[in-house]
Amino acid sequence: MANSDAALLEKIESLKKRRNAIFLVHNYQLGEVQDIADFTGDSLELSQKAAKTNADVIVFCGVQFMAETASILCPDKIVLLPDMHAGCPMADMITAERLREKKKEHPRAKVVCYVNSSAEVKAESDVCCTSANAVRIVEKLTGTEEIIFVPDQYLGNYVSSQTGREMILWPGYCPSHVRIQPQDITRLKAEYPQAKVVVHPECRPEVTALANAVLSTGGMIRFARETDAEEIIIGTEIGILHRLRKENPGKKFIPASEQAICPTMKLITLENVLWSLENMVHQVKIPEIIRLRAKAAVDKMLEG
Ligand code: SF4
């Protein structure tokens, strides 16, 4: 490690102690950011961690909606997002206003909202879900014929195929996951015939159809630990490879596509984590009137 890197890490560590901060880091973050994490995980694991922390400051190394979820759950804590431009293009594909219009068209429908959405959209929803629990959440929704699922059409489509429930799907998608093509998987399966294929449910159905397992990133971490397979083809954002390789040095992880990169996830760097803690910016805070309604949808998910 270069001296400048060591000095930077030392500054971050000492400021973190002084501020009584915790670093929550998503599995898609840059490797060096994952390495300073108190906890690395998927959206569900990170929200559970945020809900329980005793820290005064949560530095969220992820994207806007994740920091918002932490703030929804912990209104008394300071939640920092080190780069205010770290948004999620999929979350931006729906607004609260457009969702209200859709609800008017289907007044009896329940709204299931993927956690990759703004606090305002969550506030218009009945229950949230993540890719780890979406199937279970929809299975538990009884007493309603109609379900509106927002904003990811591919996760919604996957949940529909697993639960047998037809849903009204919002036409959103993740620009990083749709870059993974079925031909990427077939080519890699021919090259690594012994490999197992795991993909994220944000992938297109033609891709999930070719997988041995369809899992959230947290599910992929567990799968990699437990499988006897020595070669695993990974169909999700390539940031996860850092953790998979670190935790499983004896196994080979092959990205389904090198193109599956989320540019906004990569905006968080060690430098802006330090800057964020020094200046206590950018603070993510949700207006109370929205927060309480969004929290009801998030709580309903966490109860399940
Ligand atoms: S990987 Fe896709 S869904 Fe996740 S933050 Fe990036 S754009 Fe959003």
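This is a predicted model: local features need pLDDT of at least 70, side-chain atom pairs count only at pLDDT 80 or more; totals for chains, interfaces and linings use all residues.
Student: What makes the crossing of α3 and α4 right-handed or left-handed?

Tutor: A crossing is right-handed if the near helix is turned clockwise from the far one by less than a right angle. The model has α3 passing α4 in the right-handed sense.

Student: How do you know which residues of α3 meet α4?

Tutor: Contact asks for heavy atoms within 4.5 Å. On the α3 side, Ser43, Ser47, Ala50 and Ala51 meet α4, where the partners are Phe65, Met66, Thr69, Ala70 and Leu73.

Student: And how many residues of that contact are nonpolar, polar or charged?

Tutor: Six are nonpolar, three are polar and none is charged.

Student: What does α3 lie across, and at what angle to β2?

Tutor: Helix α3 (residues 43-52) lies across β1, β2 and β3 (57-61), and runs at about 145° to β2. Those strands belong to an open sheet with the order β2-β1-β3-β4 and parallel pairing.

Student: Why are β2 and β4 called edge strands?

Tutor: Because β2 (39-41) and β4 (78-80) each pair on one side only. From one strand to the next, the twist averages 20°.

Student: How do you know that β1 and β2 pair?

Tutor: Pairing needs at least two bridges. Strand β1 (residues 21-26) and β2 have three, in the parallel sense, so they meet that rule. Within this pair, Leu24 stands opposite Phe39 in β2.

Student: Which strands make up the other open sheet, the one with β5 in it?

Tutor: Its order is β6-β5-β7-β8, again with parallel pairing. The edges are β6 (127-129) and β8 (168-169). Three bridges join β5 (residues 110-114) to β6, and Val112 faces Val127 there. Helix α5 (residues 96-105) lies across β5, β7 (147-150) and β8, at about 160° to β7.

Student: What makes Lys16 count as lying over the face of Phe23?

Tutor: The distance from the ring centre is 5.0 Å, and the limit is 6 Å. The rule also asks for a position within 35 degrees of the ring normal; Lys16 is listed as lying over the face of Phe23.

Definitions and conventions
Residues are numbered from 1 along each chain as its sequence is written. Side-chain values use heavy atoms; hydrogens and water are left out. Helices (H or I, at least four residues) and strands (E, at least two) are DSSP runs, numbered from the N terminus. Axes are lines fitted to C-alpha atoms, for helices over the stretch in contact, and angles run from 0 to 180 degrees between N-to-C directions. Ala, Val, Leu, Ile, Met, Phe, Trp, Tyr, Cys and Pro count as nonpolar, Asp, Glu, Lys and Arg as charged, and the others, Gly among them, as polar.
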